[in-house]
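Let us read this one feature at a time.

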Amino acid sequence: MTMTASKQGSEKRETFWTSRPVRRFRRNKLAIVGLSLVTLFVLVAVFAPLLAPAPKVGNNCQRDLGITDPRQVYNIASPMFWKAVFAPPPSCYQIARINYRAEPSPPGKPIQTEFGEVRPLVGTSNGYDVWYGLVWGSRTALKLAVIVVSFNVLIGIIFGSLSGYFGGWVDNLIQRLIDIIFAFPGLVLIIVITTLLGPSLTNVMIAFVATGWAGYARVLRGEVLKVKALEFVDGARALGAADTRIMFRHILPNALTAVTAIAVLDLGSLPLSAAALSFLGIGLPIGFADWGQLINAAKAWIQGPYGQPFAYWYVSFFPAMTIILFGLGWNLLGGAVRDALDPRD
Amino acid sequence: MFAFIVRRLLFLPVVIFVLTVIIVGLLQLLSPERRAAAYVTNEQQARNLEAIIKDHGLDQPFHIQYWMWLKSALRGDLGFSKASNKPVVATIKERFPSTVELAVYSLIPLLGFGIWFGTIAGLNRNKFVDQFARIYATITNNIPTFVLGVILLVIFYGFFNLAPGPGQLSPENQVNLIIKPVPRITGMLSFDALLAGNWVIFWDVLRHLILPVITLTTVSTSTLIMVTRGSLIDTLSQDYVRTARAKGLPERVVNLKHARRNALLPVATLGGFQVIGLLGGAIITETIFAWPGVGSWGSDAAARFDVAGILGFALLAAVVTVLMNLAVDLLYAVIDPRIRFD
């Protein structure tokens with residue numbers, strides 16, 4: 001009697017928090033570091049309008065929000081707070097340009113403008129407020145990552161499962177299409193599409209989706225083929241389950257595990273690829289809040305004036321650190337998710 | 001094997017056909033006037049856009065435009081690149097060797113350092129070297145190429161002036177090269193200088209290659225380290241390795257002859273793809289370091305909306321990638337006799 005009671009006690013229903021992958025994830029110290037960094041970046045992205053509020057000078061964010069004092073957004077009771085955080089006008093994504101001086105201005109040094117004195121927190125580069133660019137840049141990064149990865153996963157699931165489940169000419173057609181996309185190294189196809197569509201965030205996202213779904217489709221096809229061959233699928237079919245039911249209830253949930261790890265890694269790597277593009281001057285419009293543009297602006301100030309080699313250290317330091325921490329966070333998180341979901345060991 | 005090669009080579013025109021259809025199709029999004037601008041080489045032509053539109057059939061339906069484009073492409077005319085101010089084909093001929101040069105020098109750290117460090121880490125699992133290798137790989141794997149390039153320039157050129165700045169030659173040697181040109185044999189300046197016995201130029205190009213090569217290879221090297229390490233650890237736990245040890249073979253022979261040879265199989269595949277990836281990475285690296293290869297031309301063409309240039313660059317990239325993929329597959333069959341193509 002006592003044994004059954006204690007056994008029942010220990011066999012509590014497995015929740016998300018106590019499931020095997022999550023326990024394995026929680027034990028991994030690097031995973032926690034990664035998760036913390038990623039959480040930080042997500043918070044910065046969501047609360048960008050509070051961390052880098054609409055400036056007095058530099059862009060039209062303040063006017064388009066319809067506020068007169070930047071401090072209005074901090075009042076959580078006012079509708080301006082919600083508008084700024086959840087639906088900022090497009091002009092807020094333009095990096096505040098304090099002046100048109102190419103030479104960088106060091107962190108915290110006051111700059112006189114016609115609207116009074118401003119103190120850019122981490123300096124300016126090419127007249128752009130670097131802090132504003134970094135904070136709103138993380139918002140751009142998050143937006144791009146979430147939208148592109150969602151579409152990639154969705155399209156990848158549709159084509160991958162069609163390909164794997166039905167086989168035959170459907171499979172052949174989709175696989176050849178993927179072969180063609182894979183025939184281009186790295187960013188080449190994305191560069192071609194973005195350039196021809198013209199510079200805008202939407203077009204960059206279209207280019208990334210147009211090329212990115214292929215990887216998911218291929219992985220998912222392999223997983224579907226693997227799961228399809230397992231006995232429980234035959235069992236379901238023997239019980240008279242329809243194609244759609246087998247697909248959605250039995251095959252997809254099992255196959256999705258493989259895609260999850262790739263999706264997490266992609267959430268971190270896609271914004272960096274987009275930043276690489278705008279570093280090259282391709283994709284996002286000039287002045288759009290994006291980390292790549294800040295690194296590009298820093299490129300001109302690699303050497304200090306004669307005799308002061310360290311004079312412009314801040315121009316490249318802050319954007320580079322932001323990008324490295326972002327990449328590191330997502331990579332640690334992605335690696336940990338992959339290890340946690342790995343059915344081996 | 002032969003049938004496999006033929007089939008893969010037959011796939012190449014298909015890729016190129018679909019690619020060109022996509023690009024010429026995407027071009028239709030632009031107005032005929034904008035597309036006509038791609039053919040303008042002098043001011044007189046710029047004043048007479050209608051004539052260009054008519055000549056090149058830019059207002060015709062898609063299939064006719066594609067056919068016209070294909071006809072001139074097959075004649076070896078891929079248009080005029082505004083970014084390089086030369087015909088596309090001439091630009092590729094002039095610049096592609098420099099990209100190959102960068103890739104050739106990149107092979108040394110990529111394959112040499114990557115495999116060497118991965119082997120040491122794998123043989124000393126969980127010891128200090130291994131921990132160091134893992135930390136190194138985790139950190140370097142996360143730095144995007146364009147950030148790494150700028151950081152290296154800032155530190156080694158800007159701060160401490162240990163390495164030369166962007167470019168292929170120092171200013172004084174650019175002048176030297178004009179005074180006493182090096183005959184163009186391979187198109188790769190360092191090899192041409194070597195063949196001409198011009199040590200000054202050769203040494204200067206090598207110095208200018210250090211930072212670009214590090215930038216181009218760091219990320220792929222860290223991947224290669226981890227794959228070599230993992231594969232070696234897997235192999236070392238296999239029965240035949242234990243047998244070799246039991247036979248009393250020296251540790252070194254077991255490790256390097258028995259274990260590492262087999263452990264390198266997955267490394268060979270990955271290494272092949274990394275080499276292909278060098279071409280993609282070259283776009284960014286060449287732009288940062290003003291290296292006169294096709295990558296910097298491609299990114300310049302894209303940034304300046306040089307349609308003919310982008311098209312030519314993408315075509316070149318696709319052709320090279322498909323051919324290199326084929327080469328990697330064949331190489332794999334040579335290394336691993338168990339692999340048969342049919």
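Q: Which exposed residues does the face of H8(A) turned away from its buried side carry?
A: That face carries Gly168(A), Trp169(A) and Asn172(A). Helices (H or I, at least four residues) and strands (E, at least two) are DSSP runs, numbered from the N terminus. This is a predicted model: local features need pLDDT of at least 70, side-chain atom pairs count only at pLDDT 80 or more, and totals for chains, interfaces and linings use all residues. Residues are numbered from 1 along each chain as its sequence is written, while chains are lettered from A and ligands numbered from 1 in the order in which they are written.

Q: Which residues of H8(A) are buried?
A: An α-helix has 3.6 residues a turn, so residues three or four places apart point the same way. In H8(A), the buried residues include Ile174(A), Ile178(A) and Ile180(A). They lie on the same side of H8(A), because their arc around the axis is only 155 degrees; the arc is that of the directions from the helix axis to the C-beta atoms.

Q: What do the buried residues of H8(A) pack against?
A: In chain A, they pack against helix H7 (130-166) and helix H10 (201-228). In chain B, they pack against helix H1 (2-27).

Q: Which residues touch the most other members of the largest nonpolar core?
A: In soluble globular proteins, nonpolar side chains tend to be buried together. A nonpolar core is a set of buried Ala, Val, Leu, Ile, Met, Phe, Trp, Tyr and Cys residues joined through C-beta atoms within 7 Å. Here the largest has 155 residues, and Leu277(A), Val150(B) and Ala314(B) touch the most other members. Helix H12 (residues 243-279) of chain A gives the most to this core, 15 residues. A second, separate core has 16 residues, among them Ala133(B) and Val254(B).

Q: How many residues of chain A are in contact with chain B?
A: Two residues are in contact if their C-beta atoms, placed from the backbone, lie within 7 Å. By that rule, 34 residues of chain A are in contact with 38 residues of chain B. The chain A side divides into 25 nonpolar, 8 polar and 1 charged. Ala, Val, Leu, Ile, Met, Phe, Trp, Tyr, Cys and Pro count as nonpolar, Asp, Glu, Lys and Arg as charged, and the others, Gly among them, as polar.

Q: How many helices and strands has chain B?
A: Chain B has 15 helices and 2 strands. Of its 342 residues, 40% count as buried.

Methods:
A residue is buried if 20 or more other C-beta atoms lie within 10 Å of its own, exposed if 12 or fewer, and partly exposed in between; C-beta atoms are placed from the backbone.
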